[in-house]
Amino acid sequence: MEIITAKDLIKDYNGFRAVDGVSFSIVKGECFGFIGPNGAGKTTIMRIIYCFLPPTGGEVRVLGYDVTKEPSLIKARMGVMPQDDSLDPDLSVIQNLVVYGRYFDMPKKKTVPLARELLASVGLADKMKANIRELSGGMKRSLLLVRSIVNDPDVIILDEPTTGLDPHSRQMVWRRLEDLKRQGKTLLLTTHYMEEAERLCDRVAIMDRGKIIVIASPKDLMGEHGGNLEAVYLKLTGRKLED
Ligand code: ADP
């Protein structure tokens, strides 16, 4: 069953074409990754999928709904871990989660025990009452992940979920994402880390300059082209990921 489909998607910013006619479809329970260097258009595609930006052209459907026509029906079943830190610095960790849960009509007495469990799963068990300002950058990323799943969404969008995390926290987040996959959630992520894509993604779309160059499983790509995913990327785009 297709959960997200994009057909000939285009996004222009003041005449600059950031997404240049991409098409893809993502099925239920799949972990799908967008990989590519800065500026490739990955975040723009994520923002269109979570109904934050309107497309300039083409069509995007999530859970059968058009992103331009039924955004509230989509948002109700979606969790989003954005790249930027959108936590409320005046509230504690648990207050941030309770306030977020309210957008989904979750009562506090349901959110708190769930939040406790989720925070423990990413190593933040002792930070429930901490102020956001006391958290490191990596802790904020982990909290954003917890926030994105506290409403038990069917589709989870993760924009660079482990950027800025130390290796131990990265492993914890990876295990958490693997748990979500086992629960049948559909995951869509962007990443610079080829190791992350190889470990988590069933399929990846390799992007460059607003276009998708290829969509395939990491295993098939590595089998066909030889080397690891980073080598495949270099071969297909002629560019290094840091470019
Ligand atoms: P990625 O996530 O792959 O790094 P983005 O989707 O953030 O790529 O950006 C794609 C291109 O669109 C870049 O050239 C970027 O400078 C441009 N861009 C992104 N957001 C805006 C914006 N709000 N206004 C103008 N240009 C933008």
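Helix H4 (108-121) and helix H6 (167-182) each give at least two residues to the lining of the second largest pocket, and H4 gives the most, with 4 residues. Helices here are DSSP runs of H or I with at least four residues, strands are E runs of at least two, and both are numbered from the N terminus. This is a predicted model, where local features need pLDDT of at least 70, side-chain atom pairs count only at pLDDT 80 or more, and totals for chains, interfaces and linings use all residues. Residues are numbered from 1 along each chain as its sequence is written, and side-chain values use heavy atoms, leaving out hydrogens and water.

A pocket is an open set of points on a 1 Å grid over the protein atoms alone, where a 1.4 Å probe fits, with protein on both sides within 12 Å along at least five of seven lines; lining residues have an atom within 4 Å of a point. In the second largest pocket, Leu114, Leu118, Ile149, Val150 and Asp152 lie nearest the centre. For the largest pocket, that spot goes to Tyr50, Phe52, Lys75, Val80 and Tyr100.

| Residue | Part of the residue | Distance to a ligand oxygen |
|---|---|---|
| Glycine 39 | polar backbone atom | 2.7 Å |
| Threonine 43 | N or O atom in the side chain | 2.7 Å |
| Threonine 44 | polar side-chain atom | 2.5 Å |

Taken alone, the ligand exposes 570 Å², and the protein buries 62% of that (areas by the Shrake-Rupley method with a 1.4 Å probe). H1 gives the most to the shell around the ligand, with 3 residues.

Conventions:
A polar contact is a pair of N or O atoms within 3.5 Å; within protein, one must be able to donate a hydrogen and the other to accept it, and residues adjacent in sequence count only if both atoms are side-chain atoms.
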